[in-house]
Amino acid sequence: VSKLKGVRPPPHIQEMVAIGTEMIEARIFAGKITDFDVALVAYRQRTAGMRAAIAPDRLLVFDVAEGWAPLCHFLDVPTPDFPFPHANTTEEFWQLVQGGPH
């Protein structure tokens with residue numbers, strides 16, 4: 001487990017991260033989590049699996065770029081009067097993880 005801002009997580013959190021890594025990186029991405037093509041195939045397979053398993057009226061495949069409208073419509077709630085929240089722009093994300101796309 002890498003250090004985040006100089007603080008090492010407690011052992012139980014480290015174990016959770018290790019399990020998450022095993023479940024996600026190894027099983028879903030076949031150990032190739034940084035391979036764009038592998039990630040895209042995994043994403044598409046997961047989306048197709050969800051669409052096949054969940055009734056269309058109970059499933060929202062949501063792209064945050066669409067904003068409030070599809071989410072509020074799906075939840076049958078009014079659209080808020082303020083902009084859809086966003087954080088972690090591409091630049092902020094790469095700054096946070098101290099890297100960049102390869």
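Start by selecting Ile 19, Met 23, Ile 24, Ile 28 and Ile 33: together they make a nonpolar surface patch of about 450 Å². Patches here are built from residues with over 30% relative accessible area and no salt bridge, where nonpolar side chains (Val, Leu, Ile, Met, Phe, Trp, Tyr) are joined within 5 Å and like charges within 9 Å. The areas come from the Shrake-Rupley method with a 1.4 Å probe, and for residues only the protein chains shown count as cover.

Before moving on, note that this is a predicted model, in which local features need pLDDT of at least 70, side-chain atom pairs count only at pLDDT 80 or more, and totals for chains, interfaces and linings use all residues. Residues are numbered from 1 along each chain as its sequence is written, and side-chain values use heavy atoms, with hydrogens and water left out.

**Zoom out: the whole chain**

Show the cartoon and you will find 4 helices and 0 strands, in the order α-α-α-α along the sequence. Helices (H or I, at least four residues) and strands (E, at least two) are DSSP runs, numbered from the N terminus. Now colour by pLDDT, the predictor's confidence in each residue, from 0 to 100. The chain averages 84, and 87% of the residues score at least 70. Helix H3 (residues 68–75) has the highest mean of the elements, 95, while helix H4 (residues 90–96) has the lowest, 76. Of the 102 residues, 9% are buried; buried means under 20% relative accessible area, exposed over 50%, and partly exposed in between (1.4 Å probe, protein chains only).

**Select 11–28: helix H1**

H1 has 18 residues, and its first and last C-alpha atoms are 25 Å apart, close to the 26 Å expected at 1.5 Å a residue. The expected span is 1.5 Å times one less than the number of residues.

Next, show the side chains of Glu 22 and Arg 27, which meet in a salt bridge at 3.7 Å, N to O. A salt bridge is a side-chain nitrogen of Lys or Arg within 4 Å of a carboxyl oxygen of Asp or Glu, and the structure holds 1 of them. Glu 22 counts as partly exposed because its relative accessibility is 39%, whereas Arg 27, at 63%, counts as exposed.

**Step into the loop between H1 and H2**

Select Ala 30, which sits in this loop, just after H1. Check its backbone: phi is positive, about 50°, although Ala 30 is not a glycine. Ala 30 has 54% relative accessibility, so it counts as exposed.

**Select 36–53: helix H2**

What caps the N-terminal end of H2? Asp 35 does, with a side-chain oxygen 2.9 Å from the backbone nitrogen of Asp 37. The 18 residues of H2 should span 26 Å at 1.5 Å a residue, and the end C-alpha atoms are 26 Å apart, which agrees.

Within H2, find Val 41, partly exposed with a relative accessible area of 45%.

**Last stop: Asp 76**

Jump to the loop between H3 and H4 and select Asp 76. Phi of Asp 76 is near 55°, another positive value in a residue other than glycine. Is Asp 76 buried or exposed? Asp 76 counts as exposed, because its relative accessibility is 69%.

Notes: Polar contact = N/O pair within 3.5 Å; in protein donor to acceptor, adjacent residues only side chain to side chain.
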